[in-house]
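Reader: I would like to learn how to read a model like this one. Please take me through it feature by feature.

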Number of protein chains: 2
Amino acid sequence: VNEPSPQPDPTPAGDPGTVAIVGLGLIGGSLARDLAALGVGVVGVDRDPGTVEAALLAGVIARGHDGAHLDEALADAAVVILAAPVGALPGLIEGVSGAAPRALISDVGSTKRSVAAAAAAAGCAHRFVGAHPMAGDTASGWAAARPGLFAGAPVWLCPGPGAPASAVTRIEAIWRQVGALPRTIDPVAHDRLLAWSSHLPQLVASALGTALAGAGVARDLLGPGGRDTTRLAASDPVVWTDILLDNRDQVGDAVDGLLQSLARLRAALDNGDRRELDAVLQAARGWAAADLEGEPAGP
Amino acid sequence: VNEPSPQPDPTPAGDPGTVAIVGLGLIGGSLARDLAALGVGVVGVDRDPGTVEAALLAGVIARGHDGAHLDEALADAAVVILAAPVGALPGLIEGVSGAAPRALISDVGSTKRSVAAAAAAAGCAHRFVGAHPMAGDTASGWAAARPGLFAGAPVWLCPGPGAPASAVTRIEAIWRQVGALPRTIDPVAHDRLLAWSSHLPQLVASALGTALAGAGVARDLLGPGGRDTTRLAASDPVVWTDILLDNRDQVGDAVDGLLQSLARLRAALDNGDRRELDAVLQAARGWAAADLEGEPAGP
């Protein structure tokens with residue numbers, strides 16, 4: 001009796017081949033490049049006029065807009081993909097929901113609870129399928145965008161409540177087209193997993209970089225291992241401050257887990273406890289050894 | 001009046017072309033491979049008969065020994081390079097000093113204070129030039145040894161008190177021959193620097209691996225950034241327990257420095273303090289950006 005009424009399939013709106021991408025940075029720009037190369041018509045929206053111009057000149061987008069008139073920009077789009085920093089998504093999704101009232105909406109954000117809540121608040125959850133491609137770089141912006149960024153990359157999909165299977169299939173197809181590997185997950189499970197698998201490594205690399213800077217140790221004094229461990233320290237603070245704050249409850253738990261491991265190691269050093277040091281290093285190696293295939297052999 | 005008496009040049013002992021390497025693991029074995037390829041006569045010593053046999057079969061060493069009769073093994077050697085785990089070096093240097101009373105002695109250990117003290121205790125500091133090549137891999141043993149491991153790698157040299165310039169030049173030449181970049185440093189400064197630049201990143205990667213294992217997050221769920229940050233978790237605990245214990249005063253200080261950075265980040269998350277989060281991430285990025293050249297562009 002309280003079953004949700006079946007939603008009309010949102011995909012037939014607009015030109016079935018046109019995808020609008022809002023935000024032509026590293027992720028949005030790379031996706032635009034790959035889709036355009038496959039013959040998909042891409043409309044690009046970016047608040048930076050230089051970025052829009054560069055994307056037009058590169059032949060990547062068929063039309064470009066600065067985002068001031070979203071209804072005009074998105075008129076043709078069957079699918080709108082939001083590729084802005086996580087903190088900008090709630091405001092953006094509200095505007096896009098009104099400007100493109102029949103389009104299928106997706107995003108590429110690194111957290112999935114807040115954007116799902118924003119879609120629900122904007123009344124477009126039934127035509128929203130959140131996405132998070134596990135690809136990136138410490139470089140950012142249109143200049144860093146490049147073809148093939150998503151080849152082999154896992155992409156987490158979080159369909160909104162009431163989104164029909166056809167909507168999920170449409171977003172899946174876009175990611176498969178560019179070589180990525182889509183998989184569906186619940187937003188809560190996503191944000192917990194990513195707190196550990198992605199946000200914690202970023203935070204640790206930043207903490208390590210700050211500590212090394214404080215000790216006056218330049219990065220070019222590090223060996224190949226130390227350089228890998230600190231590579232993420234170069235990541236864009238604009239992108240990451242948003243992500244860490246948006247997921248701060250889960251990231252806080254993950255940091256506490258790391259602090260426990262560090263405390264064990266610190267105590268073992270203090271006590272000269274070889275057995276305990278060895279136990280932690282063996283546990284870490286066992287975890288890493290389960291995944292040694294697919295790694296490059298060299299340092 | 002209390003000046004040390006000039007020491008005789010130790011290098012003329014034995015065949016000037018013969019280098020003995022004690023320990024044919026990743027570092028010793030790779031050095032043996034490179035030197036042999038350059039036409040240098042290499043004598044190999046390893047307590048594992050299978051390793052000695054493999055090195056002989058590969059044509060890398062001219063003669064092989066199991067280490068039971070060091071005087072016989074080292075009779076021809078002008079230079080003896082100790083490539084055993086850090087914890088084994090003090091015992092080894094005493095034996096080698098007696099077995100090769102005129103040879104120039106060096107090592108490849110990741111710490112330099114304890115081996116310098118052991119050389120002094122064994123009475124061979126004047127013919128000891130410690131070395132630490134900044135090259136490695138998470139793989140270990142003869143099977144992991146390969147040509148070219150040291151190409152472009154910095155090598156720290158710590159000449160013992162009273163070692164003549166010719167001794168330093170001889171060890172420098174060996175490392176230059178295999179493409180490495182030798183640089184001289186004081187053992188105390190070395191161990192402080194390496195605590196931050198190498199031992200801390202290793203410890204952090206192991207702590208992160210242990211924490212992720214505890215949270216049930218498999219490594220294949222990590223993106224490229226998380227994988228880089230945790231790559232060192234696969235390192236050999238036998239090698240690293242020795243290093244961390246040997247340098248534990250300096251590593252302890254470095255861990256405390258990291259814990260301070262992590263505490264700042266943890267508090268900023270708790271407080272939702274965007275400005276503080278951004279400050280730490282910016283400091284880390286500034287540190288990393290000073291060294292972005294030479295890094296691969298991709299993730």
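Author: Start with contacts inside one chain, where contact means heavy atoms within 4.5 Å. In chain A, take the contacts with a separation of 6 or more: residues 24 or more positions apart account for 68% of them. Keep in mind that this is a predicted model, where local features need pLDDT of at least 70, side-chain atom pairs count only at pLDDT 80 or more, and totals for chains, interfaces and linings use all residues. Residues are numbered from 1 along each chain as its sequence is written, chains are lettered from A and ligands numbered from 1 in the order in which they are written, and side-chain values use heavy atoms, with hydrogens and water left out.

Reader: How many helices and strands does chain A have?

Author: Elements here are DSSP runs numbered from the N terminus: helices are H or I with at least four residues, strands are E with at least two. Chain A has eleven helices and eight strands.

Reader: What does the radius of gyration of chain A agree with?

Author: The radius is taken over C-alpha atoms, and the globule rule is 2.2 Å times the number of residues to the power 0.38. For 299 residues, a compact globule would come out near 19 Å; chain A has 21 Å, which agrees. Along the principal axes, the C-alpha atoms of chain A fill a box of roughly 70 × 55 × 35 Å.

Reader: What share of chain A counts as buried?

Author: Buried means under 20% relative accessible area, exposed over 50%, and partly exposed in between, with a 1.4 Å probe and protein chains only. In chain A, 56% of the 299 residues count as buried.

Reader: Now the interface. How many residues of chain B are in contact with chain A?

Author: On the chain B side there are 86, in contact with 87 residues of chain A. Between chain B and chain A that is about 7900 Å², and carbon and sulfur atoms give 66% of it.

Reader: How many salt bridges and polar contacts are there between chain B and chain A?

Author: A salt bridge puts a side-chain nitrogen of Lys or Arg within 4 Å of a carboxyl oxygen of Asp or Glu. A polar contact is a pair of N or O atoms within 3.5 Å; within protein, one must be able to donate a hydrogen and the other to accept it, and residues adjacent in sequence count only if both atoms are side-chain atoms. Between chain B and chain A the count is eight salt bridges. Polar contact there involves 26 residue pairs, both residues at pLDDT 80 or more.

Reader: Which elements give two or more residues to the side of chain B that touches chain A?

Author: They are helices H7 (187–214), H8 (224–229), H9 (237–246), H10 (248–271) and H11 (274–289) of chain B. That side divides into 43 nonpolar, 21 polar and 22 charged residues.

Reader: Which residue in chain B forms a salt bridge with Arg266(A)?

Author: Asp256(B) does, at 2.7 Å from N to O. The pair crosses between chains, from helix H10 of chain A to helix H10 of chain B. Arg266(A) is buried at 17% relative accessible area, while Asp256(B) is partly exposed at 29%.

Another salt bridge pairs Arg274(A) with Asp242(B), at 2.9 Å from N to O. Arg274(A) lies in helix H11 of chain A and Asp242(B) in helix H9 of chain B, so this pair joins two chains. Arg274(A) is partly exposed at 43%; Asp242(B) is buried at 10%.

Reader: What about a salt bridge within chain B? How far apart in sequence are the parts that Asp191(B) and Arg113(B) tie together?

Author: The closest N and O atoms of this salt bridge are 2.9 Å apart. Asp191(B) is in helix H7 and Arg113(B) in helix H5, so the pair ties together parts 78 residues apart in sequence. Asp191(B) is buried at 1%, and Arg113(B) is partly exposed at 24%.

Reader: Is Leu244(B) buried or exposed?

Author: Leu244(B) is buried, at 0% relative accessibility. Its place is in helix H9 of chain B. Beyond neighbours within four places in sequence, its contacts include Leu269(A), Leu277(A) and Leu281(A).

Terms used: Buried area = accessible area lost by both parts, 1.4 Å probe. Nonpolar A, V, L, I, M, F, W, Y, C, P; charged D, E, K, R; others polar.
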